[in-house]
Amino acid sequence: MATITLDKLTKRFGKTEVIHGIDLDVKDGEFVVFVGPSGCGKSTTLRMIAGLEEVSGGEIRIGGRVVNELDPKSRNIAMVFQNYAIYPHMTVRQNIGIGLYTSKLEKGEKARRVEEAARILGLDPYLDRRPAALSGGQRQRVAMGRAMVRDPVAFLFDEPLSNLDAQLRAQMRIEIKALHQRLGATIAYVTHDQVEAMTMADRIVVMRDGYILQQGRPMELYSNPVDVFTARFIGTPS
Ligand code: ADP
Ligand code: MG
């Protein structure tokens, strides 16, 4: 996995600047959670890292290499969204294998990677089932498997659990954290759920109006919130 560095990263839409030169390292193997009010720039930041949005100023480096001009594919970053496209007519094996559809790896290596991802995610008993025979959590793991087989240098999650019910959210928190630990993955994760932030983050980054307002380990923010928003967000159980 790789370190992601944001160096005076700026984003403008037309004349409006929405990200104002932020500096941040997401270290190799670190789980960094972005929080902050709606519209503060969390998704735009992730989308720039993934290469889905152009950078207006500053630099993004992945593993030390400047990627500003690289297309999303060449960055080899896995972006996991809220809504996964799982194909009902395909088996779990085929759904995960879609991640390698355009890959030039030889067939045997592709099959090996799909099986390894399934094993890590606990999906190996279900490889030949169709999604209809899976639980919601298992389906979400299929989507993660599809991202994993590409052997990405980092994972980006943008509010991946916000459409799920409370029970499934709790289960997925544990599973994503386990995935992080097993892979030693570099993860940037956006959420508006303080339980997710407090339980999953190595470090929480608080954003406001296109700036990074505060960052630290969950307990540091808990005991020393810089303002009322952070205090409410971190301090109040849902
Ligand atoms: P968050 O994910 O924290 O809710 P966003 O990154 O989606 O915030 O948005 C940050 C700011 O950029 C907001 O003011 C939003 O309106 C603006 N914005 C996001 N995408 C676009 C776009 N494609 N065109 C113009 N403005 C945008
Ligand atoms: Mg967003």
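1. Gly216 touches Arg203, Ile204 and Leu221, leaving aside residues up to four places away in sequence; contact here means that two C-beta atoms, placed from the backbone, lie within 7 Å. The C-alpha atoms of Gly216 and Arg203 are separated by 5.2 Å, although the two residues stand 13 residues apart along the chain. Gly216 has 17 C-beta neighbours inside 10 Å and therefore counts as partly exposed, on a scale where a residue is buried if 20 or more other C-beta atoms lie within 10 Å of its own, exposed if 12 or fewer, and partly exposed in between.

2. On provenance, this is a predicted model, in which local features need pLDDT of at least 70 and side-chain atom pairs count only at pLDDT 80 or more, while totals for chains, interfaces and linings use all residues. Residues are numbered from 1 along each chain as its sequence is written, and chains are lettered from A and ligands numbered from 1 in the order in which they are written.

3. Gly216 is found in strand 10 (residues 211–216), where strands (E, at least two residues) and helices (H or I, at least four residues) are DSSP runs numbered from the N terminus. Strand 10 pairs with strand 9 in the antiparallel sense over 5 bridges, pairing being assigned if DSSP finds at least two bridges between two strands. Arg208 stands opposite Tyr211 in strand 10, and in the hairpin of these strands, which has 2 residues between them, Asp209 takes a positive phi near 50 degrees. Strand 9 (residues 203–208) is also joined by 4 bridges to strand 3 (residues 31–35), and these two run parallel; Val35 has Val206 as its bridge partner in strand 9.

4. A further element is an open sheet of 4 strands in the order 2-1-4-5, with antiparallel pairing. Strand 2 (16–26) and strand 5 (65–66) stand at its edges with a single partner strand each, so one side of each is left without a neighbour in the sheet.

5. Within that sheet, strand 1 (residues 4–13) is joined to strand 2 by 8 bridges, with Ile22 in strand 2 as the bridge partner of Leu9. The hairpin of strand 1 and strand 2 has 2 residues between the strands, and Gly14 in this hairpin takes a positive phi near 60 degrees. Strand 1 also pairs with strand 4 in the antiparallel sense over 5 bridges, Thr5 having Arg61 as its bridge partner in strand 4. Strand 4 (residues 57–62) is in turn joined to strand 5 by 2 bridges, and Arg61 stands opposite Val66 in strand 5.

6. The residues around ligand 1 include Phe13, Val18, Lys42, Ser43 and Thr44, the criterion being a C-beta atom, placed from the backbone, within 6 Å of the ligand. The largest share of this shell, 3 residues, comes from helix 1 (residues 42–50).

7. The largest nonpolar core has 56 residues, and Val32, Val33, Leu156, Ile187, Ala188 and Tyr189 are those with the most contacts inside it; such a core is a set of buried Ala, Val, Leu, Ile, Met, Phe, Trp, Tyr and Cys residues joined through C-beta atoms within 7 Å. Leu156 touches Leu46, Ile49, Ala50, Ile77, Met79 and Ala188, not counting residues up to four places away in sequence.

8. Helix 6 (residues 166–183) has 18 residues, which at 1.5 Å a residue should span 26 Å, and its end C-alpha atoms are 26 Å apart, which agrees; the expected span is 1.5 Å times one less than the number of residues. Helix 6 is followed by Gly184, whose phi is positive, near 60 degrees.
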